[in-house]
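Here is a structure to read by its rules. Each label will be set against its cut-off.

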Amino acid sequence: MPKSQVRKKKVYTPPTDVRPTATAATRKPSPIWLPITAVTLIVAGIGWLVVYYLSEQAYPVMSWGYWNLAVGFGAMVASLILLSRWR
């Protein structure tokens, strides 16, 4: 039986004229306030919701009603947005 021919592929070489705009070495690290603020917002949001549920909707602000849930979850979402910018 005859042997099949082996195909030789060229080795890929990336183009030299295309370079990334920002490398990891040129990007600055995050400021120190960013993770501190994010953790504070997470703790404040969870604390707000816990107080709201344990007080049977009387605290933190009784007149807001269910908007207290929006405040608690909003604080946690804001912290996630901050953490997405953390390097």
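Predicted model: local features only at pLDDT ≥ 70, side-chain atom pairs only at ≥ 80, totals over all residues.

Q: Why is Glu56 called exposed?
A: Glu56 has 70% relative accessibility. Exposed means over 50% relative accessible area, buried means under 20%, and partly exposed lies in between, with a 1.4 Å probe and protein chains only. So Glu56 counts as exposed.

Q: Where is Glu56 found?
A: Glu56 sits in the loop between α1 (33-54) and α2 (67-83). Helices are DSSP runs of H or I with at least four residues, numbered from the N terminus.

Q: What makes the phi of Glu56 worth a remark?
A: Glu56 has a positive phi of about 55 degrees, although it is not a glycine. Most residues other than glycine have a negative phi.

Q: How many aromatic pairs are there by the ring rule?
A: The count is two aromatic pairs. Rings of Phe, Tyr and Trp (its six-membered ring) pair if their centres lie within 6.5 Å; planes under 30 degrees apart are stacked, over 60 edge-to-face, and the rest tilted.

Q: Why is the pair of Trp48 and Trp64 called stacked?
A: The centres of Trp48 and Trp64 are 6.2 Å apart, with 25 degrees between the planes. The limits are 6.5 Å for a pair and under 30 degrees for stacking, so the pair is stacked. This pair links distant parts of the chain: Trp48 is in helix α1 and Trp64 is in the loop between α1 and α2, 16 residues apart.

Q: How do you know whether Trp48 and Trp64 are buried, exposed or partly exposed?
A: Trp48 has a relative accessible area of 24%, so it is partly exposed. Trp64 has 40%, so it is partly exposed too.

Q: What makes the pair of Tyr52 and Tyr53 edge-to-face?
A: Tyr52 and Tyr53 have ring centres 5.6 Å apart and planes at 65 degrees. That angle is over 60, so the pair is edge-to-face.

Q: Which label does each of Tyr52 and Tyr53 get, buried or exposed?
A: Tyr52 has a relative accessible area of 1%, so it is buried. Tyr53 has 54%, so it is exposed.

Q: How do you know that the span of α2 is close to the expected one?
A: Helix α2 has 17 residues and reaches 24 Å from its first C-alpha to its last. The expected span is 1.5 Å times one less than the number of residues. For α2 that is 24 Å, so the span is close to the expected one.

Q: Which residues of α2 are buried, and what do they pack against?
A: Asn68, Leu69, Gly72, Ala75, Met76, Ser79 and Leu82 are buried in α2. The buried residues of α2 pack against α1. An α-helix has 3.6 residues a turn, so residues three or four places apart point the same way.

Q: Why is Phe73 called partly exposed?
A: Phe73 is in helix α2. Its relative accessible area is 47%, so Phe73 is partly exposed.

Q: Where is Ala44, and what is its label?
A: Ala44 lies in helix α1. Its relative accessible area is 42%, so Ala44 is partly exposed. Ala44 and Met76 are 32 residues apart in sequence and 8.1 Å apart in space, C-alpha to C-alpha.

Q: Why is Arg85 called exposed, and what is it in contact with?
A: Arg85 is found in the segment after α2. Its relative accessible area is 61%, so Arg85 is exposed. Leaving aside neighbours within four places in sequence, Arg85 is in contact (heavy atoms within 4.5 Å) with Ser30 and Leu34. The C-alpha atoms of Arg85 and Pro35 are separated by 9.7 Å, though 50 residues apart along the chain.

Technical notes. Residues numbered from 1 in each chain as written. Heavy atoms only, no water. Helix = DSSP H or I, 4+ residues; strand = E, 2+ residues; numbered from the N terminus.
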